[in-house]
Amino acid sequence: MSTTTQRERNLAALGQILKALRRERGMVQRTVGRKAFPEEMSQNFVSKLEKGEVDNGKLLEHVKQLKDFFRVDDRTAAAMDRLCQTPETMREWPRERAGVAPYFQFFVSQEIWAEAVHQWQDMHIPGLLQARGCMSALFAEENEPEKVEEFAAARLDRQTLFDRENPPKYQAVLHENALRSLHQVRRAKIAVEQVLHIVELMRKYPHVTVRILTRDRERADLPPGYSVVRFPDGDGDYVHLEPLNKGFYEDDESYVQESLANFDRLWTAALSREASIEFLLELAREWSG
């Protein structure tokens, strides 16, 4: 297995895109350096960019200048942005989403380009599955009333991801405890709305599947909640862990594969799609009584 980091592979892939753009336009590196940047850059600098050897605080700025210079299409621009981002640079990203914790900004920025998102949660309902009432109740715990609806609307807007022309395949395994704990700490109306919202998402979107891991099917070695995000080019896949309101990203290839294998085991142990829908509807009936 390669000893290069995922970051190095991302920068190398970015460099290949830049080289292809330059060659398609019949340009040499010296010309790009002279014309693409406000201050003339050397041929050596453009060469380093194409080799993936530039990784400084101005990389996002350099890439923006090159996107403008080459007049790239939206899909290519999105790929270039993703390849040069890191969790650290995302914390400085100017287009922060309302109601999204700083440690989660990177995740939200990446999911729009994902090919697949796999989530396992044993404690709470993932944001992409939350109903409006659940969101508002969560935000009301730590925010002023005027901010609650703003944050809830922003989180709900994330679910438009499922309406995209080429949406990611979304697969989630939820432990039964995540649903029952919601019912215990929230009003029954909120809990009922939440389980019916998950059913509605599955019925509306064939690419969205949520399976319930019931208490009688759980394993003894259940891992804490995590997400695996995968991309069409197979490069840049990573695992996001969120323990104690902190976010951690791991892009080591072996760790990503291990996490996917764990997810597959949880997926197999959980109820089927159809059985999960029936389980959720039964909870709604139980809590509405």
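Which residues is Leu179 in contact with, leaving aside its neighbours within four places in sequence? Select Leu179 to begin: with those neighbours set aside, Leu179 is in contact with Ile125, Leu174, Val195, Ile198, Ile212, Phe279, Leu280, Leu283 and Trp287. Contact means heavy atoms within 4.5 Å.

Before going on, note that this is a predicted model, in which local features need pLDDT of at least 70, side-chain atom pairs count only at pLDDT 80 or more, and totals for chains, interfaces and linings use all residues. Residues are numbered from 1 along each chain as its sequence is written, and side-chain values use heavy atoms, with hydrogens and water left out.

**The cores**

Leu129 and Leu179 have the most contacts inside the largest nonpolar core, which has 42 residues. A nonpolar core is a set of buried Ala, Val, Leu, Ile, Met, Phe, Trp, Tyr and Cys residues joined through side-chain atoms within 4.5 Å. Buried means under 20% relative accessible area, exposed over 50%, and partly exposed in between (1.4 Å probe, protein chains only).

Colour the elements that each supply at least two residues of this core: helix 7 (105-111), helix 8, strand 2 (169-175), helix 10 (176-185), helix 11 (188-204), strand 3 (208-213) and helix 13 (273-288). Helices (H or I, at least four residues) and strands (E, at least two) are DSSP runs, numbered from the N terminus. Helix 11 gives the most to the core, with eight residues. Another core, of 20 residues, lies apart from it and includes Val46, Leu59, Phe70 and Ala77.

Six of them form an open sheet in the order 3-2-1-4-5-6, with mixed pairing; two strands pair if DSSP finds at least two bridges between them. Strand 3 and strand 6 (248-250) are at the edges with a single partner strand each, so one side of each has no neighbour in the sheet. From one strand to the next, the twist averages 15°. Axes are lines fitted to C-alpha atoms, for helices over the stretch in contact, and angles run from 0 to 180 degrees between N-to-C directions.

Helix 10 packs on the sheet and touches strand 1, strand 2 and strand 3, its direction making about 70° with that of strand 2. Strand 1 (residues 116-121) pairs with strand 4 (residues 226-230) in the antiparallel sense over five bridges. Select Trp120 and its bridge partner in strand 4, Tyr226.

At strand 3, the pairing with strand 2 is parallel, over six bridges. Tyr170 stands opposite Val208 in strand 3. In a regular strand the side chains alternate between the two faces of the sheet. Val208, Val210 and Ile212 point one way from strand 3, while Thr209, Arg211 and Leu213 point the other way, and all are buried.

**Aromatic pairs**

Now display the rings: the structure holds seven aromatic pairs. Rings of Phe, Tyr and Trp (its six-membered ring) pair if their centres lie within 6.5 Å; planes under 30 degrees apart count as stacked, over 60 as edge-to-face and the rest as tilted. Phe139 and Phe151 have ring centres 5.6 Å apart and planes at 65°, so this pair is edge-to-face. Phe139 is in helix 8 (residues 132-140) and Phe151 in helix 9 (residues 145-157), twelve residues apart. Both Phe139 and Phe151 are buried.

Phe231 and Tyr238 make a tilted pair, 6.3 Å centre to centre with 35° between the planes. Phe231 is buried at a relative accessible area of 1%, and Tyr238 is buried at 3%. Ring pairs also link Phe162, Tyr170 and Tyr205 into a cluster.
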